[in-house]
Amino acid sequence: QVQLVESGGGLVQPGGSLRLSCAASGSIFSINAMGWYRQAPGKQRELVARITSGGRTNYADSVKGRFTISRDNAKKMVYLQMNSLKPEDTAVYYCNADIRERPVGYGMDYWGKGTQVTVSS
């Protein structure tokens with residue numbers, strides 16, 4: 001059973017920083033792309049940042065220059081460093097990963113349960 005568990009959310013003032021972490025565990029042969037999504041109340045879930053197994057990254061325009069995604073393949077973890085946080089960054093942040101459980105076949109999409117990030121003074 002593959003699991004993704006996020007940590008690091010919380011309440012921060014505008015301009016502050018937070019670092020989110022996501023740990024993958026279970027029956028994992030390999031992990032392809034990993035990413036962070038967020039969903040604010042009344043809005044659709046949106047991509048925040050994504051990183052391939054080779055380290056290529058892409059970001060939502062709204063977070064470019066402020067957020068940095070990274071991963072540690074040996075530890076099966078992905079991180080999101082969030083700086084210069086704004087109230088509009090308030091959302092539940094979800095970890096996502098494309099994981100292969102076996103040497104053959106395609107990967108499957110897995111999601112964490114989410115961690116709340118609130119930016120408010």
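## About the model

Because this is a predicted model, local features need pLDDT of at least 70 and side-chain atom pairs count only at pLDDT 80 or more, while totals for chains, interfaces and linings use all residues. Residues are numbered from 1 along each chain as its sequence is written, and side-chain values use heavy atoms, with hydrogens and water left out.

## The disulfide

Let's start with the cysteines. Searching the whole structure turns up one disulfide (a pair of cysteine sulfur atoms within 2.5 Å). The partners are C22 and C95, with an S to S distance of 2.1 Å. The angle about the S-S bond is -80°, and the link of C22 and C95 is left-handed. C22 belongs to strand 3 (residues 18-25) and C95 to strand 9 (residues 91-100), so the bond ties together parts that are 73 residues apart in sequence. Strands here are DSSP runs of E with at least two residues, and helices are runs of H or I with at least four, numbered from the N terminus.

Both ends of the link can also be described by accessibility. Buried means under 20% relative accessible area, exposed means over 50%, and partly exposed lies in between, using a 1.4 Å probe and protein chains only. C22 has 0% relative accessibility and therefore counts as buried; C95, at 0%, counts as buried too.

Strand 11 (residues 115-119) has alternating side chains.

## Strands 4, 5 and 6

Next come two hairpins that share strand 5. Strand 4 (residues 30-39) runs antiparallel to strand 5, and five bridges join them.

A49 stands opposite Y59 in strand 6. This hairpin has five residues between its strands, and G55 in the turn shows a positive phi of about 100°.

## Two loop residues

T52 sits in the loop between strand 5 (46-51) and strand 6 (57-59). With 18% relative accessibility, T52 counts as buried. Contact means heavy atoms within 4.5 Å; leaving aside neighbours within four places in sequence, T52 is in contact with N32, A33 and R71.

P14 is in the loop between strand 2 (10-12) and strand 3. Its relative accessibility is 40%, so P14 counts as partly exposed. Beyond its neighbours within four places in sequence, P14 is in contact with L85, P87, V119, S120 and S121. For P14 and V119, which are 105 residues apart along the chain, the C-alpha atoms are separated by 5.7 Å.

Definitions and conventions. Pairing = 2+ DSSP bridges.
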